[in-house]
Structure formats: structure tokens, C-alpha cells
Amino acid sequence: MKTAIVTGVTGQDGSYLAEFLLTKGYRVVGVVRRSSSERFERIEHLREKITLDEGDLLDQSSLVRLIEKYEPLELYNLAAQSFVPTSWSQPVLTSEFTGVGVARVLEAIRMVNPKVRFYQASSSEMFGKVREVPQKETTPFYPRSPYGVAKVFGHYLTVNYRESYGMHASSGILFNHESPRRGLTFVTRKITDAVARIKLGKLDKLKLGNLDAQRDWGFAGDYVRAMWMMVQRPEADDYVIGTGVMHSVKQFCDRAFARVGLDYRDHVETDPAFLRPAEVEHLCGDITKATTVLGWKPEVDFNGLVDMMVDADVERHSRGN
Ligand code: NAP
Ligand code: GDD
């Protein structure tokens, strides 16, 4: 049986990737951090189907041990401190988790078995203050946060291990992808969760930062499929994954509130507390390479994504959760 190790399995993408790999017949080993209380909500439904084992991107030997123990064919490195604002308040920790952590994983593979195929969760945040529109694999990076800088480090390290050691190491440059499992601090989920509470009379106002920021939002379930497709290619490479369509935070609000028959202008307020020291104003992916080389394309569009997230939050809050 093929074994895949997934770091970050408790996160949004980790949970969708674990589900997807199970459908492909893999034994899935999810790496979890030791914590005083378990927070495995996103993978609760998979607990009997996957193996969970302890490891931390801060601990080199834990990563070596996991690769020795499970002898994986593939390793997907999804673990990171992934919230951009936290990268300003905790820049060193973000650099360690999101940047140097990649070096620890790559070194563990190189030391134990350099034939293990590797996927690195790179990010459109690397484009930051964008140098061209839309952004593709060759667009120069201009990160605008400690998070973006750490991801650039991880990306180039992946490229270097591929070129220096011949490792099958691919970097997926993924644009924003969301789902009902998205963390509550990210803007999409913050909006859909508030929409549900406002609709049910549990909240009146939603405070947001920059409503004019534009993102290329897709569905996480579509994007984990692209990760796997990259790893199956004969040669490792870098791929931009997105939808090629951009919307503003305001447009997201408009659609989300309209889904439950409300006007966002009656409920959304701006609050400078949610503005960032440096903003990434607009991101939009050119997915030509992914569509032509991988044969990948997204299945859920913007409206479908917003509706899916609003409906899930309304349902959850209606149950009292
Ligand atoms: P997420 O929901 O924040 O999940 C992050 C995961 O990383 C969690 O499982 C977390 O574990 C784990 N983690 C954090 N620090 C760790 C450490 N030191 N050791 C081991 N595990 C650690 O993120 P996501 O949205 O699923 O994103 C997955 C990856 O893709 C991340 O690397 C992110 O930066 C990148 N990415 C995401 C997007 C997007 O739009 N979602 C776009 C581009 C790139 P705990 O549960 O223990 O905290
Ligand atoms: N979080 C948040 N909260 N963002 C807000 C708010 C708010 O109240 N108001 C406006 N925004 C704007 C942000 O300023 C940003 O321009 C945009 O909404 C998206 O913010 P997030 O949802 O926090 O995502 P992100 O784009 O910063 O980062 C996400 O996508 C990256 C890929 O481009 C994360 O998932 C990263 O891990 C990922 O790499």
C-alpha cells in the first residue's frame, strides 16, 4: 500500500487532502503537534481511517523518525503558521515554522530516503506587491509580510533541493482557497460566520479591515487535487493554482449577505484594527501551466464557494454550535 505523510493534517487543507488520498487508496499518516488539549475537529470523521503520529516542524529528529517509521512514497508539507497578521506579531516563530521548517522536512527526506516525493505548500503571498497581472510561475516575488518572506524561503529551498540533489520536490504556488473548514480569522470565513449569526439574530455588526483588497478565491477541495497531481508527474516542478478570477472583500460580503436576503451595507463596518502594516492589494493567478501540463482545473466558482460557506455556517449556527 502507498503511504503518504501529511504535515498540517489538522488544518483546512490537511483534512481535505487526507480525504482525497484515502479515495486514491493511500495509507495516510497525519503529523500532529503535541498539545494539552486535542483540536482535531476537521479530521474527526477520519480518525479511524488515518494514522496520527506526533511530530513538529521545530523538531528535526521527530521528522526523521516519522520517515524512517512509515517509509512513505510521498510527503506533503502543509504545516505552517499560516495567518498573515500573526506573522507581524510573531515574526520569528513564523520564520521558524513556515520557513526553516521546510528545511527540516527536506533534510529529513534527504537523510532517510531522497526518493520520497515532496510537495511544498507555497503561496501567492510571495507575489505580494505584484510585478505583473496575472501572476504566473515566472513572475518575480515581492513579499509584503514576514509570512510571505518565510514562504519565499521555503519555495526556493524546495527548488534548490530539486536542482542540487535531484529530489522530486514540487512547489504549489496556491492562491487563496477556502471552505466551510477555513479558520475563523481569515476574511471569508469571518464573513460567512458573521452572516449566519446576523441572520439568526445573534450578532448585529461585522467589523472588517480593507474592503477593497482583491483575491483570487477558490475551493480547498479542488486545490488538494492539484497538489496530488503535481506529485504524480514524472518530473517535479512549480505550479500556480488559482481560478484566474479576482473579487474584492466587498464583493464577497455582497454575495454572502445576499445569500440570506440581507444587504451587507446595513451590517459591515470598517475598523482600522484590521488593517495591516503592509497590504497585498490584489492577487490573481494565471493557471495556464496547471491546466495544460497537469490537466487540472477548478470545479467550484466564486458564487458556488460563497454559497457553500454561508449555507454551512447557517446550518451550524442553527444547530447551536
Ligand atoms: P491552516 O488551516 O492554518 O493549517 C495549518 C496546519 O499547520 C495545522 O494543522 C497546524 O497544526 C499545523 N502546524 C502549525 N505549526 C506547526 C508546527 N510547528 N509543527 C507541525 N504542524 C504545525 O492552513 P491551511 O489553510 O490548511 O493551509 C495549508 C498550507 O498551505 C499552509 O502551509 C499555508 O501557509 C499554505 N497556503 C494556504 C493557502 C490558503 O489559502 N489556505 C494558500 C496558499 C498557501 P495545529 O492544528 O496543531 O495548529
Ligand atoms: N483576515 C482578515 N480579517 N482579512 C481582512 C479583514 C479582516 O477583518 N478585512 C479585510 N481583510 C483583507 C486582508 O487585508 C487581505 O487583503 C484579504 O482580506 C484576505 O485576508 P485573509 O483572508 O486573512 O487571507 P490572506 O490573503 O492574507 O492570506 C491567505 O491566503 C494566502 C494565499 O494568498 C492565507 O491563507 C495564507 O496562509 C495564504 O498563503
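Which residues touch the most other members of the largest nonpolar core? I found L21, Y76, Y119, I191, I241, F257 and W296, in a core of 69 residues. By nonpolar core I mean a set of buried Ala, Val, Leu, Ile, Met, Phe, Trp, Tyr and Cys residues joined through side-chain atoms within 4.5 Å. Buried is under 20% relative accessible area, exposed over 50%, partly exposed in between (1.4 Å probe, protein chains only).

Before going on, a reminder to myself: this is a predicted model, where local features need pLDDT of at least 70 and side-chain atom pairs count only at pLDDT 80 or more, while totals for chains, interfaces and linings use all residues. Residues are numbered from 1 along each chain as its sequence is written, chains are lettered from A and ligands numbered from 1 in the order in which they are written, and side-chain values use heavy atoms, with hydrogens and water left out.

I checked which helix gives the most to the 69-residue core. That is α7 (residues 220-232), with 9 residues; helices (H or I, at least four residues) and strands (E, at least two) are DSSP runs, numbered from the N terminus. Domain 1 (3-177 + 217-241) and domain 2 (183-215 + 246-280 + 300-318) both contribute residues, so the core lies between them. The domain bounds come from an automatic or database domain assignment.

I then looked up Y119. Leaving out residues up to four places away in sequence, Y119 touches L75, Y76, N77, L78, S170, G172, L174, M227, M230 and V231 (contact is heavy atoms within 4.5 Å). There is also a second, separate core of 23 residues, including L57, L63, V64 and L66.

**Ligand 1**

I got 23 residues around ligand 1, the closest being T10, D13, R33, S82 and Y147 (near means a heavy atom within 4 Å). Strand β5 (117-123) is one of the elements supplying at least two shell residues, and β5 gives the most, with 3.

For polar contacts (N or O pairs within 3.5 Å), I noted ligand 1 oxygens at 2.7 Å from the side chain of S82 and 2.6 Å from that of Y147. The protein buries 88% of the 910 Å² that ligand 1 exposes alone (Shrake-Rupley method, 1.4 Å probe).

**Ligand 2**

Of 24 residues around ligand 2, S82, S123, S124, Y147 and R276 come nearest. Which side chains make polar contacts with ligand 2 oxygens? I have R182 at 2.8 Å, R215 at 2.9 Å and R276 at 2.6 Å. The protein covers 96% of the 710 Å² that ligand 2 has on its own.

R182 turns up at ligand 1 too, with a polar side-chain atom 3.2 Å from a nitrogen.

Definitions and conventions: Polar contact = N/O pair within 3.5 Å; in protein donor to acceptor, adjacent residues only side chain to side chain.
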